[in-house]
Amino acid sequence: RRKLRSDVAAAFPNLSAEQLTEFIPNKEELNVIKIYSHKGEAVTVYMNNRNPILFEIEKALYPTVYTLWVYPDLLPAFSTWPPVLQKLAGGADLMLPGVVVPSSGFPQVERGTLCAVTLLGNRAPVAVAVATMSTAEMLAAGMKGKGFAVLHTYMDHLWEYGDKSYPPTLAPLVTDSAEKESAEDEEETEGKEPVISFSADPLRHVDIGDLSLKEQGGCAILMGKEELHENRAAETAEDANAEVRQEAEDIRTPQEQMDALFNRCFFHALKCKVKKSDLPLLTSTFLRSHMFSCCPAGQQLDIKKSSYKKFSKFLQCMQHQKILQVKELNKGVESIVEVDWKHPDVKAFAVPEGFSSASAAQDSKSEDRGQAYHAPEIIPLYGVSTKMIPLFQESGHRKGSILSSSEVRNIIVNYVKTNELVDETNKNLVKVNAVLCDCLLDKSEQDEISYLKWDDLLSRCLERLQPLHQVTFCGQEPIVRKGNIEPIDITIAQRSSNKKVTIIKNLELYGLDPQCVANILQQKVQASATITPVPGTKDRVQVQIQGNQIHHLAKMLLEEYQLPRKYIQGLEKAPKLGRKK
């Protein structure tokens, strides 16, 4: 471990002593595995917290994308267009026509320098590559030719060794002050402000083919079945450039756009949502219940992506402008106690069309939600199995016949009465004849049991039938599926730095859109939510949200969506609400 730490310090001198200790921890488990490329070259991979953090080829250390997401400034970075990522993940090298030239200029690198590749607008690296020419040579070549030999990418086999998480959304560095504020925010524990949100998977519906490690020019390069030629890269870059130009009508930076969105929602909420009788109003309630509802469709408020970084700082700014007054009425809890509705900025704000009043907007929103989802009707069914045929054939049923529990009960009652199996002295007991013995009793019981109670008889019968269930969604034909319906599964998982995440599975079985649930949760609890594939399945996904959010989930699923509690598993894992000392 000491040797590895010294090797990492030599390979990446930008890491501070604290970062180095965090990167190669003293007590946490560190695993070393060896994998082989299709040509037989050995690659050593170092794993920490089940994620590959480094790989070593010919005694040279390289960071993985998981490492670069934690330390995005570890390597000099070059940006490319988002559509180019598909080609890189398919095994192509990065051609210079696909590299975006920033206004501040390229980082100064030499030939053979290890670099990170990012996507335009996001500082989170998606590939690790070696520069095939220096910065001066790239510019001298007119940005033509191969610029970087790609070693490892997001979505390749090495990435699959880890938890298969998606790249975080990291805003580009704008100013030193903004960078310092961001660093201060990262040190805070979980609070009211939302944490860094993660983007959806840009390649979730893309088949990237078979990737393998292949040696080319003295370094291991992830190659697919085809190489991307220079002219194709140029065409891709030109197409991407055209798309970006069409979409990028707003020339403001993402941070400036988020600031403007916060200002718009703030004034809109003051003008249409908040009344004098609502004061004092908790600042968290004002953000969650009032400002979020004023956000235009297709956009989302995220204080971390603004220049304020904290909602309290945003409100301080509004307080300096004498628009409102904020006080700490209870310890650690701030409230808006006064609003100046005659302030010129409030009076000058024009309410967007379609927002007539707060009550109308809330009514329409609740109506839309009511129309959007109705809890399905779920009925347990039973299929006649081979062993149970003798018991059901008298009533005209064959193997595979589908029955409800009431139908099964009626058939059993009729069978018992027809064959006169009710005990004369005790009507609660049923005589066990040869058919009942073969169908319902185990071999060890056949010589011992001669009578069964009615409840025992029916429960044994249902247990030995094939379980099925019928699901009926609003306005659709009933669907019959094999087995018992899986409940919505809620679990709490532990992540690095002792952080907890809530994972929700099986939402699709109940007609719930996982992305919609993730968006609503993200707004309610102001925490990062992501959609990830369920391990071992092809078309199932799960929602993962930071923190233990079972209280909010229970309220949403039981009260808003009206789902029966028996179809939700894991509600008992909610955090206990105790008094803070």
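Where is Met-143 found? Met-143 sits in the loop between helix H5 (135-140) and strand S9 (146-153). When I say helix or strand, I mean DSSP runs, H or I of at least four residues for helices and E of at least two for strands, numbered from the N terminus.

A quick word on what we are looking at. This is a predicted model, in which local features need pLDDT of at least 70, side-chain atom pairs count only at pLDDT 80 or more, and totals for chains, interfaces and linings use all residues. Residues are numbered from 1 along each chain as its sequence is written, and side-chain values use heavy atoms, with hydrogens and water left out.

Back to Met-143. Its phi is near 55°, a positive value in a residue other than glycine. Met-143 counts as buried, at 15% relative accessibility. Buried here means under 20% relative accessible area, exposed means over 50%, and partly exposed is in between, with a 1.4 Å probe and protein chains only.

Met-155 tells a related story. Its phi is near 85°, again a positive value in a residue other than glycine. You will find Met-155 in the loop between S9 and helix H6 (157-160), and at 12% relative accessibility Met-155 counts as buried.

Now let's step back to the whole protein. It has 19 helices and 25 strands. Of its 581 residues, 44% are buried. The accessible surface comes to about 32200 Å², and 49% of that belongs to carbon and sulfur atoms; these areas come from the Shrake-Rupley method with a 1.4 Å probe, and for residues only the protein chains shown count as cover. If you take the contacts between residues at least 6 apart in sequence, 60% of them join residues at least 24 apart. Contact means heavy atoms within 4.5 Å.

Next, a pair of helices. Two packed helices are described by the angle between their axes and the distance between the axes. Helix H9 (residues 254-272) and helix H10 (residues 283-291) pack at an angle of about 90°, with their axes 10 Å apart. That makes H9 roughly perpendicular to H10. For the terms: angles under 35 degrees are roughly parallel, over 145 roughly antiparallel, 65 to 115 roughly perpendicular, and the rest oblique. The axes are lines fitted to C-alpha atoms, for helices over the stretch in contact, and angles run from 0 to 180 degrees between N-to-C directions.

Which residues make the contact? From H9 we have Phe-262, Cys-265, Phe-266, Ala-269 and Leu-270, and from H10 we have Phe-286, Leu-287, His-290 and Met-291. They divide into eight nonpolar, one polar and no charged. In that scheme Ala, Val, Leu, Ile, Met, Phe, Trp, Tyr, Cys and Pro are nonpolar, Asp, Glu, Lys and Arg are charged, and the others, Gly among them, are polar.

Let's zoom in on Met-291 of helix H10. Met-291 is buried, with a relative accessible area of 0%. Leaving aside neighbours within four places in sequence, its contacts include Phe-262, Phe-266, Phe-286, Phe-311 and Phe-314.

That brings us to the rings. A search of the whole structure finds 15 aromatic pairs. Rings of Phe, Tyr and Trp (its six-membered ring) pair if their centres lie within 6.5 Å, and planes under 30 degrees apart count as stacked, over 60 as edge-to-face and the rest as tilted. One of the pairs is Phe-266 with Phe-286, edge-to-face at 6.0 Å centre to centre and 90° between the planes. This pair links distant parts of the chain, with Phe-266 in helix H9 and Phe-286 in helix H10, 20 residues apart. Both Phe-266 and Phe-286 are buried. Tyr-308 and Phe-314 have ring centres 5.0 Å apart and planes at 85°, so that pair is edge-to-face too. Tyr-308 counts as buried at 16% relative accessibility, and Phe-314 is buried at 0%. Ring pairs link Phe-262, Phe-266, Phe-267, Phe-286, Tyr-308, Phe-311, Phe-314 and Phe-349 into a cluster.

Last stop, strand S14 (residues 333-339), where we find Ser-335. Ser-335 is buried, with a relative accessible area of 6%. Asp-340 is in the loop between S14 and helix H12 (344-348), and Asp-340 is partly exposed at 32%. Asp-340 and Ile-323 are 17 residues apart in sequence and 5.3 Å apart in space, C-alpha to C-alpha.
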